[in-house]
Amino acid sequence: MNDGSKKSRRRRSSSLLYQEPQESIEHLSDQAAIPNLNANWVNAKGAWAIHIVLIVALKIFFSIIPGIQRDTSWTLTNITYMFGSYLMFHWVRGIPFEFNAGAYDNLNMWEQMDNGDQFTPAKKFLLTVPICLFLASTHYTHYDLTYFTINMMALLGVVVPKLPMSHRLRVSFLSGHPDDR
C-alpha cells in the first residue's frame, strides 16, 4: 500500500490558540507603499459618529417591534452591535481591495488600524463604545441577572480581542489554523 500515490497527512498542532507570525520584510514594504484604505477610514471625520447613529437606529428598530419590552430591546441592541463590531473588526481578515499584493491578508481590521499601534484615539473610542453600551443596557434592564449575563458575555466577546494581549492571537476552532487555509 506504500506505492507513493498515497498523500501523507500533515501533522497539526492540537493547540486552540496560536500567535500569528510577524510579517516578512516584503509584506512590510508592501504595507508601507500604499495607504491602507480598509483601515484608515476610522480616523476620518465623522467615522466615530456612525457608531452612535447605528446604536440609536438599532434601539429605535428594536423598540418599534410589537411585543418587545424595553429590557429586551436594549439587550438586542447590545448583542447586535457587539456581533457586528466583532465581525467587522476581528473576524474578517485581509482587505477587499487587490492593490497591495496581499500585504494585509493575515491581519484583521483591528490589527490593520493605525499600523497596529495600541491605544490610539480611534482604538480608545472603539473600546469605549461597547463598554458604554453595556453600561446603558445593564441600567435599562434594571440589573436583571439574565440580561446582565447575556450583555456581559457579548461585551467580553468584543472587548477581549481588542486588548494588547490578543494582538495577532488566533483561536483556531473559530478562525481555522493558517496551515489549513
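Helices here are DSSP runs of H or I with at least four residues, and strands are runs of E with at least two, both numbered from the N terminus. I keep that in mind while going through this predicted model.

**Entry 1: the whole chain**

I began by counting elements: the chain has eight helices and two strands. Reading along the sequence, I get the order β-α-α-α-α-α-α-α-β-α. Of the 181 residues in the chain, 36% are buried. I also looked up how far apart in sequence the contacting residues sit. Among contacts with a separation of 6 or more, 72% join residues 24 or more positions apart.

**Entry 2: helix α4 on its own**

I picked α4, which covers residues 70-91.

Next I asked which residues of α4 are buried. My list has Asp 71, Ser 73, Trp 74, Thr 75, Thr 77, Asn 78, Tyr 81, Met 82, Ser 85, Phe 89 and His 90. What covers them? The cover includes α3, α5 (109-112), α6 (121-140) and α7 (145-159). As a reminder to myself, an α-helix has 3.6 residues a turn, so residues three or four places apart point the same way.

**Entry 3: α4 against α3**

Helix α3 runs over residues 49-64. I find it packed on α4 at about 140 degrees, with the two axes 9 Å apart. Roughly antiparallel would need an angle over 145 degrees, so I put α3 and α4 down as oblique to each other. Their crossing is right-handed.

From α3, the contact uses His 51, Ile 55, Leu 58, Lys 59, Phe 62 and Ser 63. From α4 come Arg 70, Ser 73, Trp 74, Leu 76, Thr 77, Thr 80, Tyr 81 and Phe 89. Sorted by class, I have seven nonpolar, five polar and two charged residues in this contact.

**Entry 4: α4 against α7**

I then looked at α7. The angle between α4 and α7 is about 15 degrees, and their axes are 9 Å apart. That makes the two helices roughly parallel, and the crossing is left-handed.

Which residues meet here? On the α4 side I noted Asp 71, Thr 72, Thr 75, Asn 78, Ile 79, Met 82, Ser 85, Tyr 86 and His 90. On the α7 side they meet Tyr 147, Ile 150, Asn 151, Ala 154, Leu 155, Gly 157 and Val 158. This contact divides into eight nonpolar, seven polar and one charged residues.

**Entry 5: Ser 137**

Ser 137 belongs to helix α6. Is Ser 137 buried or exposed? Its relative accessibility is 0%, so I count Ser 137 as buried. Setting aside neighbours within four places in sequence, I find Ser 137 in contact with Trp 74, Asn 78 and Asn 151. Trp 74 and Asn 78 were already on my list of buried α4 residues, and Asn 151 turned up on the α7 side of the α4 contact.

**Entry 6: two positive phi values**

Last, I checked the backbone of two loop residues. Asn 115 has a phi near 55 degrees, positive although the residue is not glycine. I place Asn 115 in the loop between α5 and α6, where it is exposed with a relative accessible area of 71%.

For Tyr 143, phi is near 60 degrees, again a positive value in a residue other than glycine. Tyr 143 sits in the loop between α6 and α7. With a relative accessible area of 58%, Tyr 143 is exposed.

Conventions. Residues numbered from 1 in each chain as written. Predicted model: local features only at pLDDT ≥ 70, side-chain atom pairs only at ≥ 80, totals over all residues. Heavy atoms only, no water. Axes fitted to C-alpha atoms, helices over the stretch in contact; angles between N-to-C directions. Parallel < 35°, antiparallel > 145°, perpendicular 65-115°, else oblique. Left-handed = near helix turned anticlockwise from the far one by under 90°. Contact = heavy atoms within 4.5 Å. Nonpolar A, V, L, I, M, F, W, Y, C, P; charged D, E, K, R; others polar. Buried < 20%, exposed > 50% of the residue type's maximum accessible area, 1.4 Å probe, protein only.
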